[in-house]
Amino acid sequence: MAKETFEKLATATPSAENQFYLGYYYLRTKQPDLARGAFEKGLAADPKSKDNLNKVGLGAVALAQGDRTSAQTTFAEILKATKNKNIEVLQRISEAYTGYVMIDSMKPIYKTTDPARAVELADIAIALMLKNGSKNQEVYMSKGDAFFLKGEAGPAVSAYEDAINANPSLGEAFAKVAKIYWAGRNYELAQTNFKKAIEVDPDYAPANKEYAELYFFVRQYKNASKFMDAYVEKLGTCATDDEILRSAQFNFVAEEFGKVGPKTTKVMQSGRDNDVLYRMLGWAAYKENQYEKAIENLKKFLQKAPQKAIDNDYRYLGNSMLRVSPADTMAAIANLEKAAEMDTVENGYKEIAAFYNGAKDYEKAITYYEKALKWEKNPSLQDLVNLSLPIYNVANRIFPTGADSSSLREKKRDYFLKADSLYIQMIERKPDFLYPYAQRAKANYFAYTREEVMENGKAIPLMENYIKLVAADTAPMDDTKKSNLKLFYQVLGAYAFTAQKDEAKAKEWFTKLLEIDPGNKTATEFLNPPAPEPAQPAAKTPSKAPAKKS
């Protein structure tokens with residue numbers, strides 16, 4: 001927009017002033033050849049003027065292109081013509097000697113500089129201003145830039161503050177002070193000055209950009225995204241692809257994925273085909289539940305730059321495939337396993353195990369939960385619980401029947417006892433955790449036939465212990481506890497009656513069972529056996545008739 005404005009003014013009214021501002025725009029945007037053309041036209045428009053700034057512009061172009069001698073000659077001529085008394089001429093030459101320090105890098109656009117001469121000329125201008133009472137903020141800005149190039153941060157800040165005193169609404173001065181504090185790692189003062197820059201000069205867009213970069217540097221990504229969005233919004237249609245892409249990257253790290261897709265697509269539509277753009281589109285699509293689009297873009301990224309792949313590239317691809325193509329589960333899991341192998345922060349094997357556990361493919365769930373357990377340097381209590389669940393469920397699914405009943409019975413027992421070993425570890429880890437006490441009792445009960453249970457009694461003390469723990473537990477009775485107690489009371493009652501031959505003890509257990517399960521048929525029949533039916537009288541045998549006499 002600035003370019004169009006300056007070009008239209010110079011075309012409509014090709015005055016020396018309009019040509020100078022057009023040339024100055026070109027000079028500040030790294031187009032010295034175009035700047036030369038504009039300055040030459042401006043000089044031709046008013047060749048007799050002693051203070052024609054276009055001559056300063058031509059000297060600045062020479063300096064920008066590395067011709068220091070020619071620049072010095074040109075500057076000396078106009079300084080002599082103006083007798084070192086034109087404040088704007090002094091300021092423009094001083095600024096030229098700084099090479100035009102840009103806010104983003106705090107480096108000059110052009111390499112040929114002379115900061116000492118810049119300070120000297122700025123001081124001459126300042127002396128004139130003090131004498132005549134005028135104010136020119138740009139003189140102080142040039143002086144601040146020159147001191148910064150000399151590596152003198154303190155005097156640079158002082159000069160920028162003088163510029164602020166001359167114009168309290170000078171956002172650029174606050175922003176440059178903020179950059180100096182940032183370089184000195186004084187992030188609090190840097191933040192304060194960026195805030196002030198935006199507050200006093202809302203139209204100075206670069207303050208938003210640099211504030212965003214500061215937030216990005218200190219890893220406050222939400223704020224970084226917010227101010228970079230504001231920067232791009234202020235630029236409007238003038239925003240370049242690089243600026244839009246930077247904004248999209250900030251949205252990306254802030255996990256504002258709804259903004260990433262449209263910006264990245266816009267950049268790609270302009271012809272840019274960077275492999276990382278496909279990653280950004282793929283991740284954004286995945287986070288927005290657009291799984292087919294995620295698959296498309298992540299596959300393109302991995303084809304273009306497999307060497308750049310990280311764990312989440314494969315993780316998001318694998319999860320997207322599971323949601324879109326259930327029939328292609330093996331390929332999806334292969335991607336998730338690659339992610340798990342690459343990830344040094346998150347345990348990706350848990351995700352695969354959880355998928356198989358949810359699909360009730362317990363054997364595979366066991367495989368991946370075991371991998372997850374090995375991955376952990378210090379497995380948590382939950383890790384032990386996670387592995388125990390599919391092991392217990394596999395055991396429950398084995399029904400020892402037919403010709404293989406003996407081997408199946410042994411396999412079933414092995415799984416239950418494997419689960420039991422995990423329950424023991426849970427109790428060691430957290431003695432007040434009620435869950436494994438019940439599971440131990442059930443595993444040692446279901447691992448054997450009813451006859452074996454009555455004979456070996458392994459589950460009995462475990463069940464009795466659980467009952468004591470529940471009685472001492474202050475938490476209210478819930479369905480899980482009630483379900484466990486129903487089973488345990490019934491088994492203990494049967495064991496007391498059958499194995500211990502203790503009918504009174506059996507009655508005690510069955511009475512407890514009826515208290516929590518009043519309709520329990522087994523307990524009811526045991527405690528109130530049906531009365532025996534009365535004996536029926538024996539049928540009379542008919543007497544034989546006397547034999548007839550022959």
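The points below cover the basis of the model, its salt bridges and a charged surface patch.

The model is predicted: local features need pLDDT of at least 70 and side-chain atom pairs count only at pLDDT 80 or more, while totals for chains, interfaces and linings use all residues. Residues are numbered from 1 along each chain as its sequence is written, and side-chain values use heavy atoms, with hydrogens and water left out.

**Salt bridges overall**

- Side chains of opposite charge can pair when their charged atoms come close.
- The whole structure holds 35 salt bridges, each defined as a side-chain nitrogen of Lys or Arg within 4 Å of a carboxyl oxygen of Asp or Glu.
- Arg28, Glu88, Arg92 and Glu95 form a network of salt bridges.

- Lys176 and Glu172 form a salt bridge with an N to O distance of 3.3 Å.
- Both Lys176 and Glu172 belong to helix 10 (residues 171-183), where they are four residues apart, about one turn of the helix. Helices are DSSP runs of H or I with at least four residues, numbered from the N terminus.
- Lys176 is buried because its relative accessible area is 1%. Buried means under 20% relative accessible area, exposed over 50%, and partly exposed in between (1.4 Å probe, protein chains only).

**Pairs between helices**

- Glu213 and Arg246 are joined by a salt bridge at 2.9 Å, N to O.
- This pair links distant parts of the chain, with Glu213 in helix 12 (residues 205-217) and Arg246 in helix 14 (residues 241-253), 33 residues apart.
- Glu213 has a relative accessible area of 14% and so is buried, whereas Arg246, at 27%, is partly exposed.
- Asp383 and Lys350 form a salt bridge, their closest N and O atoms being 2.9 Å apart.
- Asp383 lies in helix 22 (residues 381-397) and Lys350 in helix 20 (residues 348-358), so this pair ties together parts that are 33 residues apart in sequence.
- Asp383 counts as buried at 5% relative accessibility, and Lys350 counts as partly exposed at 28%.

**Positive surface patch**

- Lys50, Lys83, Lys85 and Lys131 form a positive surface patch. Patch residues have over 30% relative accessible area and no salt bridge, and like charges are joined within 9 Å; the place of a Lys charge is taken as NZ.
- Lys85 sits in the loop between helix 5 (68-81) and helix 6 (87-98).
- Lys85 counts as exposed because its relative accessibility is 62%.

Terms used
Patches are made of residues with over 30% relative accessible area and no salt bridge: like charges are joined within 9 Å, nonpolar side chains (Val, Leu, Ile, Met, Phe, Trp, Tyr) within 5 Å. Accessible areas come from the Shrake-Rupley method with a 1.4 Å probe; for residues, only the protein chains shown count as cover. Lys and Arg count as positive and Asp and Glu as negative; His and the chain ends are not counted. Helices (H or I, at least four residues) and strands (E, at least two) are DSSP runs, numbered from the N terminus.
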